[in-house]
Each structure stands twice: as C-alpha cells, then as structure tokens.
Amino acid sequence: MAMANLARRKANLLTRNISTAPLRFSFSLSRGFASSGSDENDVVIIGGGPGGYVAAIKAAQLGLKTTCIEKRGALGGTCLNVGCIPSKALLHSSHMYHEAKHVFANHGVKVSSVEVDLPAMLAQKDTAVKNLTRGIEGLFKKNKVNYVKGYGKFLSPSEVSVETTDGENTVVKGKHIIVATGSDVKSLPGITIDEKKIVSSTGALSLTEIPKKLIVIGAGYIGLEMGSVWGRLGSEVTVVEFAADIVPSMDGEIRKQFQRSLEKQKMKFMLKTKVVGVDSSGDGVKLIVEPAEGGEQTTLEADVVLVSAGRSPFTSGLDLEKIGVETDKVGRILVNERFSTNVSGVYAIGDVIPGPMLAHKAEEDGVACVEFIAGKHGHVDYDKVPGVVYTYPEVASVGKTEEQLKKDGVSYRVGKFPFMANSRAKAIDTAEGLVKILADKETDKILGVHIMSPNAGELIHEAVLAINYDASSEDIARVCHAHPTMSEAIKEAAMATYDKPIHM
C-alpha cells in the first residue's frame with residue numbers, strides 16, 4: 001500500500017489531458033545504437049543542470065546511449081554554478097563570521113579581532129563550485145555519457161542543432177529528447193538588472209564590496225538567504241514584498257516565528273509594498289515604493305538592490321513552437337505523468353514543467369522520466385517534496401500546512417515541541433525554533449511536518465520518509481531516537497500529536 005502511494009503522481013499538477021497510454025519502443029537496451037549509417041542516441045538531454053545531468057547519468061546506467069547538451073560550458077546548471085551551491089557556501093562562511101564576532105565569547109572563546117576578507121570568502125565559494133562541476137564531468141566519463149558544450153534547439157522531434165561553445169555547429173540525433181533547461185530570473189517591469197548596482201541572485205553572489213545598504217525585492221527563499229549573507233557581513237538589509245507575508249507558501253505559525261527571528265537579526269520588512277520606480281543614475285540606487293493597494297509614495301536609498309521576485313521557465317531559443325510542443329500561459333511545458341509532451345518522443349522535466357522549482361525535484365523528475373523511457377516505472381509525488389530555507393535558523397517543511405488543511409476541510413491534530421525543551425539544543429545554545437506535526441484526526445496519518453531550527457534541512461528527512469510511507473505520528477513516537485540529539489524534538493512533537501510529550 002505504501003509503495004503504491006509512493007508511486008502515485010498528483011494529476012492536478014499536470015495541466016493538460018495528454019494521453020497516458022503506455023509508450024512503446026523498439027530500441028534495445030544495449031549501449032550501441034546506430035541508424036541510417038549515422039550515430040543516433042537513445043536519449044538526448046538539453047540542459048546539464050540537476051535534472052538534466054542526473055537524467056543523463058541514470059539513462060546511461062540503464063544501458064541507453066546518452067548525450068547531454070549544456071550551453072554554459074560547465075555542468076550543474078543554475079543550482080551548482082550560480083544558485084544553490086555558491087549561496088550555501090556564502091551562507092556558511094558568513095555564519096562563521098557572525099558566530100566568531102557575536103557568539104564565540106559566550107562559549108569562552110575570545111578573539112581579539114575578527115575581519116571579513118571578502119575576496120578570500122568569494123574564492124572559497126568559487127573553488128567549491130569548480131570542484132563540483134568537474135566532479136559531474138567525471139561522472140559523465142565514468143558512465144560514458146557524451147557531453148556536448150553548446151546551445152541546442154530543435155530541428156525536428158528527433159534532431160537538435162547545437163551551436164557549440166567553440167563556434168561550430170553540429171546536429172545531435174535521438175529517439176527520445178528531454179528538455180531540462182531549467183529557469184531564469186524573473187524580471188520586473190521598469191527595472192533593468194545590470195549585475196552591479198541592481199543585481200539578480202547571480203550578481204548578489206559576486207559583489208566585490210559589502211554594501212552599506214541593501215534592498216531586497218521579494219521575500220522568498222532566495223531573497224531571504226542572500227539578505228542574510230550580506231546582513232551578517234554588515235549590510236543594513238530591507239526586504240520589500242508585494243504580498244502580505246514573507247514566504248507565502250510556509251506554514252503560518254512557523255512563518256511568524258521565522259520573521260521575528262530575522263527581525264532580531266536586524267532585517268527590516270516592508271510588506272504589502274510594491275515598487276513603482278527605480279533610479280540608478282547616481283552613485284547608489286533610489287527605489288520608489290508605495291502600498292500595494294495604492295497610496296503615498298516613499299523613496300528608499302541603497303547601494304545595491306537585489307531583484308528576487310521568483311523565476312520563470314527557460315525555454316527561449318529552443319524552437320519548441322517549430323515542432324509543436326505545447327506550453328501554458330506562463331511558458332511551462334505541458335506533460336503527462338510520464339513527462340511526455342504532446343509531441344511523440346519529446347519530454348520535459350524540472351523547472352520547465354509544473355511543480356516546485358527545486359533542484360531535488362528536478363533530479364527526481366529526471367530519474368523517473370528515463371525510467372519510463374527504459375520501460376520501467378518512475379515516480380515523483382510533488383506533495384511530498386521537502387522545501388528548505390537555508391537561513392539561520394533554517395526552516396524546512398514537507399506535506400501540508402495548517403492553512404491548507406483548513407481550506408481543504410480536513411480534520412487534523414497538531415503536535416508541537418520547542419527546541420527550548422530539547423537537551424542538545426540547550427547544551428549548545430541553539431534552542432530557537434520548534435517542530436510542528438500535523439496528522440489526520442481519525443487515522444493519525446502524518447499530513448505535514450514543519451521545522452524551524454539550525455540544521456532543519458537535515459532533520460526534515462525523517463519526516464519525508466515517514467510521509468512517503470504513510471506513517472502515523474505514533475510510528476515516529478515509538479522509534480528510539482539517540483540522546484542527546486536535535487532529532488529527539490521530532491519524536492517529542494510526534495508524541496504531542498497523538499498523546500503527550502515527555503519533556504514539556
């Protein structure tokens with residue numbers, strides 16, 4: 001039963017009624033495949049990000065002749081090159097600086113002076129990125145994936161024209177072509193990103209000076225993470241958000257505590273506020289804002305403005321329309337539960353299709369897609385994909401929020417346990433936050449888990465596993481957890497859900 005539920009994808013995320021009839025293939029699973037006297041691949045992937053490179057490796061492991069096309073010239077996509085990985089490097093480095101300056105003394109560690117060496121910090125970030133991208137190239141060689149560096153676009157459903165990075169042009173043929181081109185920064189009307197004074201997340205990772213004042217447009221995951229980096233290093237950070245809340249998808253109770261924590265770190269918020277103008281002609285940037293519903297305008301001044309208003313599917317230049325691939329009104333490619341588009345032999349995964357725009361979701365898409373191509377069964381359940389905000393403290397969640405359960409009319413129970421009552425958290429003086437578990441009132445099946453704490457992104461996976469196998473809160477509560485650990489807070493929250501906790 002649990003495995004059947006694990007294999008079920010949610011149809012409401014797939015916005016087209018595309019045929020789900022079993023796909024039939026005539027290819028062999030042997031590595032060598034040739035047709036009409038020329039080399040032809042079993043699988044061609046356009047895009048070498050988390051979805052694309054993982055799909056390529058998995059396809060090769062399944063015995064399919066595979067080529068991956070990547071325009072950047074470095075594998076890993078946005079995530080590895082200018083997203084997840086470099087941002088986590090800077091989040092860690094800036095946290096170390098903040099701890100040394102503000103926390104070490106509480107633990108009896110005295111440091112006479114602490115300074116930021118920004119070039120060295122950025123160099124550490126760049127080294128991490130370089131080593132990881134090379135590591136993926138090594139995995140391609142190990143698994144015999146053909147790697148083509150260049151910009152690919154469709155000539156036909158089975159042919160991709162590639163303008164290579166060395167200026168040549170080649171045609172890559174494949175029986176099955178997967179679009180895995182990811183997403184790009186969403187622009188805002190009237191704001192031109194120059195990656196110097198007005199930056200995207202890419203530019204925010206490479207600022208050559210610590211800005212005295214930083215304005216972040218958008219209170220989502222990326223904006224709060226990058227605001228945290230520069231705030232720790234000394235910037236005065238103001239976050240401007242059109243919506244009434246930060247991270248609107250977050251559980252409301254957790255969100256309120258999270259915002260209070262960020263405000264304690266001197267991050268300022270202007271919610272229900274829209275940007276109506278920008279002037280970067282002087283030394284800094286002037287941002288004109290007004291209430292979201294209209295009203296008196298205010299001018300904000302900053303050295304740097306970070307535009308972090310979300311991301312959009314990146315499909316430009318692929319010539320999708322040439323072969324008739326259908327997209328929705330926001331540019332996402334429409335697929336069925338096998339990741340097939342309306343054009344036979346063409347598939348899409350990751351940020352270019354509906355669902356969470358997350359690297360790990362794209363990886364799961366990639367594995368499932370090539371498993372279907374190989375005649376196997378793939379699975380991804382978007383309702384059970386975890387999300388993490390890598391600030392300090394972190395916030396991690398999986399499943400439903402309390403607001404969603406109320407909206408859906410689901411009867412539920414809530415169990416909570418604060419880290420203030422967790423012995424490990426108290427011992428190391430990191431006791432901010434809590435664990436919150438939501439379970440069905442009748443069956444005790446876990447419906448959602450939300451954690452705010454240091455390393456919440458690591459703690460959440462016990463809950464992810466539980467939710468994927470339809471576990472109850474009592475199931476977690478009756479599992480022995482090592483003492484003293486932060487994970488005990490999850491056990492106690494589970495106990496609070498179906499009965500009573502011990503340590504509170």
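Colleague: Which residues form a nonpolar patch on the surface, with about 220 Å² of accessible area together?
Modeller: Patches are made of residues with over 30% relative accessible area and no salt bridge, where like charges are joined within 9 Å and nonpolar side chains (Val, Leu, Ile, Met, Phe, Trp, Tyr) within 5 Å. Accessible areas come from the Shrake-Rupley method with a 1.4 Å probe, and for residues only the protein chains shown count as cover. The residues that make up this surface patch are Phe-104, Val-109 and Val-111.

Colleague: What kind of model is this?
Modeller: Residues are numbered from 1 along each chain as its sequence is written, and side-chain values use heavy atoms, with hydrogens and water left out. Local features need pLDDT of at least 70, side-chain atom pairs count only at pLDDT 80 or more, and totals for chains, interfaces and linings use all residues, the model being predicted.

Colleague: Is Phe-104 buried, partly exposed or exposed?
Modeller: Phe-104 sits in the loop between α4 (84-102) and α5 (118-143); helices (H or I, at least four residues) and strands (E, at least two) are DSSP runs, numbered from the N terminus. Buried means under 20% relative accessible area, exposed over 50%, and partly exposed in between (1.4 Å probe, protein chains only). The relative accessibility of Phe-104 is 32%, so Phe-104 is partly exposed.

Colleague: Which geometry does the pair of Phe-140 and Tyr-147 have?
Modeller: The structure holds one aromatic pair. Rings of Phe, Tyr and Trp (its six-membered ring) pair if their centres lie within 6.5 Å; planes under 30 degrees apart count as stacked, over 60 as edge-to-face and the rest as tilted. Phe-140 is buried at 2% relative accessibility, and Tyr-147 is buried at 18%. Because the ring centres of Phe-140 and Tyr-147 are 5.9 Å apart and the planes stand at 85°, the pair is edge-to-face.

Colleague: How many disulfides does the count give?
Modeller: A disulfide is a pair of cysteine sulfur atoms within 2.5 Å. Cys-79 is buried, with 15% relative accessible area, whereas Cys-480 is exposed at 75%. By the distance rule, the number of disulfides is zero.

Colleague: How many salt bridges are there?
Modeller: Side chains of opposite charge can pair when their charged atoms come close. The rule asks for a side-chain nitrogen of Lys or Arg within 4 Å of a carboxyl oxygen of Asp or Glu. The salt bridges counted this way number 17.

Colleague: How many residues apart are Asp-39 and Lys-65?
Modeller: Asp-39 and Lys-65 form a salt bridge with their closest N and O atoms 3.9 Å apart. Asp-39 belongs to strand β2 (residues 38-39) and Lys-65 to the loop between α2 (50-61) and β4 (66-70), a link between distant parts of the chain with a separation in residues of 26.

Colleague: Which residues do salt bridges that share partners join into one network?
Modeller: Asp-470 and Lys-445 form a salt bridge at 3.5 Å between the closest N and O atoms. That pair links the loop between α13 (456-468) and α14 (473-477) to the loop between β22 (434-440) and β23 (446-453). The network built through shared partners comprises Asp-251, Glu-253, Glu-402, Lys-416 and Lys-436.

Colleague: Which residues does Gln-259 touch, not counting residues up to four places away in sequence?
Modeller: Gln-259 belongs to helix α8 and is buried, with 17% relative accessible area. Contact means heavy atoms within 4.5 Å. Leaving out residues up to four places away in sequence, Gln-259 touches Ile-246, Phe-269 and Leu-271.

Colleague: What is omega for the peptide bond that joins His-483 and Pro-484?
Modeller: Pro-484 lies in the loop between α14 and α15 (488-498). The bond from His-483 to Pro-484 is cis, with omega about -5°.

Colleague: What is phi of Asn-455?
Modeller: Asn-455 is in the loop between β23 and α13 and is partly exposed, at 49% relative accessible area. Its phi is positive although the residue is other than glycine, with a value near 65°.
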